[in-house]
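Me: I would like to learn how to read a model of a protein complex. Could we take the features one by one?

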Amino acid sequence: MKLVVCVKQVPMVSELPWDAKTGTLKREHAEGMMNPACKHALEAAIRIKEKHGGDITVLSMGPSQAEEVLREALGMGADRGVLLTSRRMAGADTLATSYTLACAVRKVCPDFDLILCGAHTSDSETWQVGPQMMEELDVPGVACVEEFELNCNILRMKRESDDFLETLEMELPGLITVSTRHNIPRYVSFAGVENAFDEGQIEVLDVEAIGADPARIGIGGSPTKILSVYSPTAEKKGVLIKGSAKKAVEELFDKFGDLLGGVIGKDLA
Amino acid sequence: MTNNRREIWVFGDYRNYFQNRVTLQLIAKGKELAAQTGADLCAVVFGNDIDEWVWEYTCHGADRIYIVKDESLAQYKIEIYAALLERLAREYEPDILLIGATAFGKEFAPRVAKRLGAGLSADCIGLKIDKEERLVATAPAFGGNLLADIVAPDSKPQMATVRPGTFKEIPHNDNLDSEKIYIPLPDDLPEERVRLISSEKIPERGVKLENARVVVCGGRGMGSKRKFRNLNELAKLLGAEVGATRPVVYSNWASHDALVGQAGKNIRPQALFSFGISGAIQHTAAITDADFIIAVNKNPNATMMKMADVAIVADAGQVCNALIKELKKRAKD
């Protein structure tokens with residue numbers, strides 16, 4: 001089995017430094033991590049490899065520090081890491097991203113059996129790159145797969161979709177996106193990651209190396225434009241209550257008893 | 001261009017109750033946008049037994065309905081549906097195409113957008129038309145911690161998926177009428193390469209949590225399984241449902257049905273009590289629709305506390321107990 005897993009480095013949001021004045025995130029100071037759903041996709045690929053043999057190519061597009069998540073992937077059990085990095089790729093929306101990743105797949109693993117992506121990313125949360133890669137590569141695909149079973153080159157999948165429990169089947173080559181519900185990623189020891197950092201080789205490819213049309217990548221290849229980014233929490237009341245639990249609860253009822261009473265239908269004042 | 005009318009399209013997603021509702025919500029919002037640009041609001045519906053939906057979209061305000069009715073479309077088939085919608089969009093050239101961000105819509109819309117080379121904003125919670133008559137879509141990022149206003153002025157059509165429950169539908173009105181355009185199924189659509197082996201309706205479970213007016217949600221900051229259980233008593237007093245974060249579910253303090261977050265449930269209560277939750281995005285993404293949030297955490301800098309309307313800096317377990325006491329005292333009906 002030739003497996004390709006697409007992974008993205010995302011900011012670790014629980015550690016995100018907030019700018020208290022503007023209520024926005026200081027993204028440039030954020031620690032990076034492997035997007036959770038991508039990690040589940042990698043875990044799924046490793047389980048296929050363990051059962052059916054094969055090799056795993058991990059692919060990531062991003063700035064040079066995205067190499068970290070590729071090394072982490074090698075530590076988990078991937079065989080090969082490929083980083084797509086170029087200033088010209090920056091600012092890509094999902095249309096440009098899916099095109100760029102598809103170009104790279106055609107280059108580094110043209111005879112793939114299965115591509116696995118995370119169903120969604122924790123930063124931009126579009127759920128779109130996987131389905132758009134299915135179109136770009138013209139292969140059958142299913143999004144948000146939870147469980148699956150491989151029989152020769154037929155992949156049978158289960159997922160919950162809009163209140164329906166679906167069982168689906170497709171012939172490989174194909175592409176799936178993996179939800180975070182199953183395929184809980186294995187624990188990798190620090191030593192394992194260390195080894196991957198010391199020994200693993202990461203191939204670095206740019207626009208020319210993957211044969212991408214420069215007009216279809218990065219900001220220029222992206223039809224969507226972001227006008228502004230802002231924090232919705234700025235509209236919140238943001239009342240801070242301190243003190244003992246008892247005092248805090250009294251203050252809560254004094255200030256918001258009417259509102260809460262209205263919601264629960266009881267007189268709390 | 002075969003169509004000299006300006007149109008805003010809404011894709012008719014109808015497979016279950018919530019998919020149907022979001023379609024009606026989009027018809028209502030689309031109509032409002034159409035009034036600003038001088039366009040007609042059109043619904044597009046594919047399937048076999050679809051007369052009911054054509055009627056419903058008419059009574060909820062669609063001016064025109066494009067209908068492709070065929071036995072082979074009875075089940076949702078994503079490749080055929082995507083190829084068909086692409087073809088209709090190329091032929092009739094709507095300005096805007098809106099699709100509900102249901103599980104189906106989130107997979108279907110990007111495929112249609114890719115085929116059309118169109119820009120698509122995801123899971124939007126706001127739509128408006130700006131001075132240049134562009135669609136401005138507001139999309140959440142980082143679990144709702146940030147919002148982005150996005151345009152795709154050069155793409156045809158401008159596309160967005162929209163989070164269910166964002167807009168209000170127009171009340172059903174039997175007296176409304178619509179123009180119905182029946183389109184025969186083209187005979188050169190691609191074969192569906194993914195086979196649907198079975199599709200079973202999942203029995204209703206946990207829907208209560210998703211629709212609850214009040215939710216009491218606990219995280220690892222509750223300290224122990226025993227203390228976490230106190231949230232049940234508090235919930236009873238508040239008439240609330242109990243939700244939990246992923247670490248809590250993993251630690252077996254609560255069942256998977258209670259999971260609020262990615263891979264779990266999205267909630268939209270009028271009041272949310274959040275106990276001992278730091279606010280990982282997997283969780284905060286699912287609570288952005290809560291109207292009023294009371295968060296309790298020892299750490300005033302936790303993401304959850306920043307999202308809250310009222311942030312109580314204290315031990316979550318103790319505040320839970322104090323609330324139980326105070327509620328018993330005050331609410332003597």
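Me: Is A:Pro110 buried or exposed?

Reply: Burial is judged by relative accessible area: buried is under 20%, exposed is over 50%, and partly exposed is in between (1.4 Å probe, protein chains only). A:Pro110 has 55% relative accessibility, so the residue counts as exposed. Its place is the loop between helix H3 (94–108) and strand S8 (114–118) of chain A. Helices (H or I, at least four residues) and strands (E, at least two) are DSSP runs, numbered from the N terminus. A:Lys2 is 108 residues away along the chain, yet the two C-alpha atoms are separated by 9.5 Å.

Me: What should I know about the model and the numbering?

Reply: This is a predicted model: local features need pLDDT of at least 70, side-chain atom pairs count only at pLDDT 80 or more, and totals for chains, interfaces and linings use all residues. Residues are numbered from 1 along each chain as its sequence is written, chains are lettered from A and ligands numbered from 1 in the order in which they are written, and side-chain values use heavy atoms, with hydrogens and water left out.

Me: Which backbone angles deserve a look?

Reply: Most residues other than glycine have a negative phi, and most peptide bonds are trans. A:Asp138 has a positive phi, near 50°. This residue lies in the loop between helix H4 (129–137) and strand S9 (141–145) of chain A. At 52% relative accessibility, A:Asp138 counts as exposed. In chain B, the phi of B:Asn252 is near 70°, again positive in a residue other than glycine. B:Asn252 sits in the loop between H7 and strand S14 (271–275) of chain B, and at 51% relative accessibility counts as exposed.

Me: Where are the cis peptide bonds?

Reply: One joins A:Leu172 and A:Pro173, with omega about 10°. A:Pro173 is in the loop between strand S12 (164–171) and strand S13 (174–178) of chain A. Another joins B:Lys156 and B:Pro157, with omega about -10°. B:Pro157 is in the loop between S8 and strand S9 (158–162) of chain B.

Me: How many disulfides are there?

Reply: A disulfide is a covalent bond between the sulfur atoms of two cysteines. The test here is a pair of cysteine sulfur atoms within 2.5 Å. Over all chains, the search finds zero.

Me: How do I read the interface?

Reply: The size of an interface is often given as the accessible area lost when the parts come together. Buried area is that loss for two parts (1.4 Å probe), summed over both. Between chain B and chain A the value is about 7,700 Å², and carbon and sulfur atoms give 59% of it. B:Lys114, B:Phe142 and B:Arg330 supply 10% of the area that chain B buries against chain A, more than any other three residues. The contact (heavy atoms within 4.5 Å) takes 88 residues from chain B and 86 residues from chain A.

Me: What does chain B look like?

Reply: Chain B has ten helices and 16 strands. Its C-alpha trace spans about 70 × 50 × 40 Å along the principal axes. Of its 333 residues, 61% count as buried. B:Ala308 is one buried residue, with a relative accessible area of 2%. B:Ala308 lies in the loop between helix H9 (303–307) and strand S16 (310–313) of chain B. B:Leu147, in strand S8 (residues 146–151) of chain B, counts as buried at 9% relative accessibility.

Me: Is helix H2 of chain A mostly covered or mostly open?

Reply: Helix H2 (residues 67–76) of chain A is mostly covered, with seven of its ten residues buried. Among them are A:Val69, A:Leu70 and A:Met76. A:Gly77 follows H2(A), with a positive phi near 140°.
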